Amino acid sequence: MSQLIQLAANGQASIVADEWTRVVPPAPAEESVRKQAGKVVLFKLTGEPTFSAEQIANTHIPATGKILVPLTIWQARKAELQPRLAAGELGIVLATHETAEALQAEFADINSLPIIAIFVERFADGRIFTLGAWLRTRFGYKNELRAIGDVLRDQLFFHKRAGFNSFLIRADRSAEDALASLNDFSQPYQGGVADVPVWRRVNRA
Amino acid sequence: MYKYDPIDQQIVNERVAQYRDQTRRYLAGELTDEEFRPLRLQNGLYIQRHAPMLRIAVPYGLLSSKQLRKLADITKKYDRGYGHFSTRQNLQLNWPKLEDTPDILAELATVEMHAIQTSGNCIRNITTDQFAGIAPDEIIDPRAIAEIMRQWSTFHPEFALLPRKFKIAVSGTEKDRAIVQAHDIGLEFYKDAQGQMAIKVWVGGGLGRTPILGTVIREHLEWQHVLSYCEAIIRVYNIHGRRDNIYKARIKILVKALGIEEFNRQVEEEWAHLKDGPLTITQNELDRVAKYFEPMPYKTLPAHDAAFDAAVASNPAFAAWVKRCVHAHRVPGYRAVTLSLKPHGKAPGDITSEQMHVVADLADAYSFGELRSSHEQNLILADVQLSDLFAVWEKARAAGLATPNIGLLTDIICCPGGDFCSLANAKSIPIAEAIQMQFDNLDYLYEIGDLELNISGCMNACGHHHVGHIGILGVDKDGSEWYQVTIGGKQGNDASIGTVIGPSFSAEEMPGVVKRLIEVYVRERQDEERFIDTVRRLGVAPFKAHVYAEKETA
Ligand code: HEM
Ligand code: SF4
């Protein structure tokens, strides 16, 4: 059973097959536990490096098919990946601590990407929402914007309003159940990426 | 006050349904503790020492009598018959059951109340001055904008999971009573040279482990842009705030790390994309919301009332109450009344179900059915006629709500501390009670005059100890409870963070320590000088000398 929920242009949500294969670098040889004030650090800071040169070099990229590639890997292995982009077979994965500017710097027209996925390592990392909103509004991105990683139904409503139109639900949860959450609220107060604040939408007098 | 329309009601109802299902999934084991945590927190539910704790939102401190009656019934039915007003104007229940919380929220929804975003790493309940709309020194009534901001921040799609909690305070008076400088964003409303409503924006204030007063990031913001401007600030914070270390995650740390110029540059860059967009508040929307905050149907009354004057002259107890608990009002013949939730020897801010009913009745009979909560943890009847004050006093007194100590040493701001809070290093309620008992002589309290004493049970500073004239902080030393004392903190326009006077004290020593601080003040003060001014003039040294000298000889 697929875990991918997609929104059609009319907002209708359905579970669909996932055509994209995610390219994932191998885990680093040894990852030291990062600590601050005695606590394990859970989040990377915006601007921190995502993968080491070694990880990037050792990443296996499938020779055919549609692939979702981390931005860092694209940056390092552009020559090899360029034809896939031209063929419409390449999408980019942005981590929540990477920036929309870094993505734009790579693609003169970000709409040449059929899909951008934002990978959230931990659901509590709300950067994904601002990144989504930026890509849609400031950067004018029109194609598929997908939330991947630790994606749970209780955040979907926010993802949707921040501009995401597909959601890869975490493997151990039911995408079927998650569908309902997209409509938790019928008339939000503030504007989202695709709507305006309630007072511009409705006459409340 | 603001009245829900069908949209507001639907949002709250849908929230109850959503949360009911989340609780069901949690109890069924479909959600882990970690996954449920932010969900319950954003519905006001902490898991605390004895039981869950539920924090009910009182937006900018406004309550109707009907709402208060509902709160009384809820505390009776689901808790132990009392609630605790917090320093953020909300009401906390200390003993609800997790399984009951969806029902509690459903009951709240029937009176246009909820617990949305009273905790969690999102934009919290917006706070303001308890005298908004009636204060003689008010320049702009900020409540309509506060309500518009409440709506904008409720389920904001981008700001549900910020690096840390985010607090906004609004103030529209000459004398700041909302502590705008101790908030992540403080909005100070004023009239600009053209007579238009404008906002001075403070950013990066906060207490807690690293107390920092905010910095002005913008002297003049046109009110129409307040949402887009705040959105720009919070976007910068959402992306660049530190998530790697919870103690450094507040916006104050980001502002300090970047410096206000660089932070401001980033905000301006972001704002350029948002300004004049759909978030711009229209005059229509402001007017629609402001309608709910129009002045009450006041009568035309003389500025004086002979019977009231006579009662003050002949009844010293009443006179004492009038002096401390009755406040000026912009409309002639009216006064605001603070009902003290600080009787000596009881937990500051606590109120029983029965008292809630009394207060609701008082509000109906004498104050247009409305009341307010203050960050000092008291309740206010904002619109009482002079001629009714005596009756209000008698009824409030009978219910134990008329301790004439507002603004005095025993009007203590106090967090729940070790009795309820699982983060506490030490108890705070018994310290407050012991100090209140030590200073149970009202004449002496009056002689000491205006003094703010704030107590927190740990570094998180829920009791605002940093900005108390005297601040008491519970600390943990080798597993036992100790108390560190600061003096010279202040809220308001000339806010300051207090200075630690020296090594900490045991619980038993605390009433004596406060007594000795007061002795120095009484000895050293000049003319009408308040405690805080004496501390500012003399510094910590004489206080320290006296407190610790006594300690050595004792
Ligand atoms: C019993 C449950 C409570 C818990 C677990 C709790 C937790 C916390 C925590 C973790 C902080 C630190 C925030 C930071 O510095 O980043 C904090 C701060 C604060 N809390 Fe509480 N709190 C509780 C009750 C209260 C109560 C009862 C009040 C009001 C009486 C309150 C009002 C505040 C305020 C005003 C701050 C100020 C710090 C700031 O703005 O930086 N809290 N609380
Ligand atoms: S100051 Fe500490 S002890 Fe007191 S309520 Fe806040 S977190 Fe709990």
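Colleague: How far is a backbone N or O atom of B:Leu207 from an oxygen atom of ligand 1?
Modeller: The distance is 2.7 Å. That is a polar contact (a pair of N or O atoms within 3.5 Å). This is a predicted model, where local features need pLDDT of at least 70, side-chain atom pairs count only at pLDDT 80 or more, and totals for chains, interfaces and linings use all residues. Residues are numbered from 1 along each chain as written, chains are lettered from A and ligands numbered from 1 in written order, and side-chain values use heavy atoms, without hydrogens and water.

Colleague: Which oxygen distances involve side chains of B:Arg250 and B:Lys167?
Modeller: A side-chain N or O atom of B:Arg250 is 3.0 Å from an oxygen atom of ligand 1. For B:Lys167, the side-chain distance is 3.3 Å.

Colleague: How many residues surround ligand 1?
Modeller: 23, each with a heavy atom within 4 Å of the ligand. B:Thr87 and B:Cys462 are among the closest. The shell has eight nonpolar, nine polar and six charged residues. Nonpolar means Ala, Val, Leu, Ile, Met, Phe, Trp, Tyr, Cys and Pro; charged means Asp, Glu, Lys and Arg; the others, Gly among them, are polar.

Colleague: And how does the shell around ligand 2 divide?
Modeller: Into eight nonpolar, four polar and no charged residues. B:Cys415, B:Cys421, B:Cys458 and B:Cys462 are among them.

Colleague: New topic. What is the mean pLDDT of chain B?
Modeller: The mean is 95, and 99% of its residues reach 70 or more. pLDDT is the predictor's confidence in each residue, from 0 to 100. The complex gets an ipTM of 0.95 and a pTM of 0.95.

Terms used: A polar contact is a pair of N or O atoms within 3.5 Å; within protein, one must be able to donate a hydrogen and the other to accept it, and residues adjacent in sequence count only if both atoms are side-chain atoms.
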